[in-house]
Amino acid sequence: MFKQEGIKPYSENGDKGIQVEQMFDQIAHSYDKLNHRLSFDIDKSWRRKAIKRLAPFSPQTILDVATGTADFAILAAKTLNPKQLIGIDISEGMIDIGRKKIQKEKLEDIISLQNGDCMQLPFEANKFDAVTAAFGIRNFKDLKRGLKEMQRVLKPGGHLCVIELTTPTRFPMKQLFGIYSHTILPLYGALISKDNKAYSYLTATIEAFPQGEAMMEILKSTGFSEAHFRRLTFGICTMYFAKK
């Protein structure tokens, strides 16, 4: 078990997947606002960089795992012009908000969202040209199982693109991020979301999640090849890119 798999939002007892679902249902109303404010809107540039990395391959069928409120899915649909983009998430509360955003952007013919568990994706093997995930895989209750599922539904030669929050490794950003993530982030997150534990949990999962070279080894062990990573914004976020 990886360290972050043992971290749960509310209680050491009970299933992590159920608790994560409850947490995101609880904070869905404030999730977008907090994401943008707590990252000073830099999260938008991280999504753009990930989509730019996929652009040369022109994926026509895309699966966005842990799609949340569909920010990444919407940007990918508008930028990459795929024929089909499916977003899947464990939280119905997040998906409800995502569907409203998709309707507002008039992208219903391209994007569809569905509730589902990333530990057992409801798709046949070799279906998608690309699989993406933005800030979601560190919440998996079984990281390797989730990655194997993402690899399974990719077509041979298809690409995986993941962006995930990480901890900087160099002075002074490492120290500054540590202070920020343990004080401002959980306090402000609790104030806006009305959930006193959610943003402390999210900080803990960032610190415990396998990063950089360690994540490369995990990707290779779950069937991916040509795995690379790129640290963004002094290592606050990392992009992982791999091929089936």
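## A walk through a predicted structure

N126 sits in the loop that connects β3 (111-115) with β4. Before going further, keep in mind that the model you are looking at is predicted. Most residues other than glycine have a negative phi, and most peptide bonds are trans. N126 is partly exposed, with a relative accessible area of 40%.

Now follow the chain into strand β4, which covers residues 128-134. Strand β4 runs parallel to strand β5 (residues 154-165), and six bridges join the two. To see one place where they face each other, find A134, which stands opposite I163 in β5. Helix α5 (residues 143-153) belongs to this picture too: β4, α5 and β5 together make a right-handed β-α-β unit.

Strand β5 has another partner. With strand β7 (residues 237-243) it pairs in the antiparallel sense, over seven bridges. Here you can look for E164, which stands opposite T238 in β7.

Go back to the loop between β4 and α5, where F135 is found. F135 is not a glycine, yet its phi is positive, at about 60 degrees. Is F135 buried or exposed? With a relative accessible area of 8%, F135 is buried. Another backbone feature to look up is the peptide bond from F171 to P172, which is cis, with omega near 0 degrees. P172 has its place in the loop between β5 and α6 (173-182).

Next come the charged side chains. Side chains of opposite charge can pair when their charged atoms come close. How many salt bridges does the structure hold? There are 13 salt bridges in the structure. One of them joins the side chains of D15 and K141, at 3.3 Å from N to O. D15 lies in the segment before α1 (16-38) and K141 in the loop between β4 and α5, so this pair ties together parts that are 126 residues apart in sequence. D15 is partly exposed, at 32% relative accessible area, and K141 is partly exposed as well, at 31%.

A salt bridge also forms between D96 and R99, whose closest N and O atoms are 3.5 Å apart. Both residues lie in helix α4 (residues 92-104), three residues apart, which is about one turn of the helix. D96 counts as partly exposed, at 36% relative accessibility, and R99 is partly exposed at 31%.

The side chains of E226 and K243 meet in a salt bridge too, at 4.0 Å from N to O. E226 lies in strand β6 (residues 225-232) and K243 in strand β7, so the pair ties together parts that are 17 residues apart in sequence. E226 counts as exposed, at 51% relative accessibility, whereas K243 is partly exposed, at 26%. Salt bridges can also link up: D32, D71 and K101 are joined in a network of them.

What about the cysteines? A search of the whole structure finds zero disulfides. For C118, the nearest cysteine sulfur is that of C161, 16 Å away. For C237, the nearest cysteine sulfur is again that of C161, at 9.8 Å. C118 counts as buried, at 8% relative accessibility, and C237 is buried with a relative accessible area of 0%.

Rolling a probe the size of a water molecule over the atoms shows where empty space is left. The second largest pocket holds about 380 Å³ of space. Its lining is made of 30 residues, and F24, A66, D89, I90 and G136 lie nearest its centre. The elements that give two or more residues to this lining are α1, β1 (61-65) and α3 (71-80). Helix α1 contributes the largest share of the lining, seven residues. Helix α3 also has buried residues, namely F72, A73, I74, A76, A77 and L80. After α3 comes N81, whose phi is positive, near 55 degrees.

Methods: Residues numbered from 1 in each chain as written. Predicted model: local features only at pLDDT ≥ 70, side-chain atom pairs only at ≥ 80, totals over all residues. Heavy atoms only, no water. Pairing = 2+ DSSP bridges. Helix = DSSP H or I, 4+ residues; strand = E, 2+ residues; numbered from the N terminus. Right-handed = clockwise from strand over helix to strand, strands pointing away. Disulfide = S-S within 2.5 Å. Buried < 20%, exposed > 50% of the residue type's maximum accessible area, 1.4 Å probe, protein only. 1 Å grid on protein atoms, 1.4 Å probe; cavity = no way out; pocket = protein on both sides within 12 Å on 5 of 7 lines; lining within 4 Å. Points joined across faces, edges and corners; volume = space filled by probe spheres on them.
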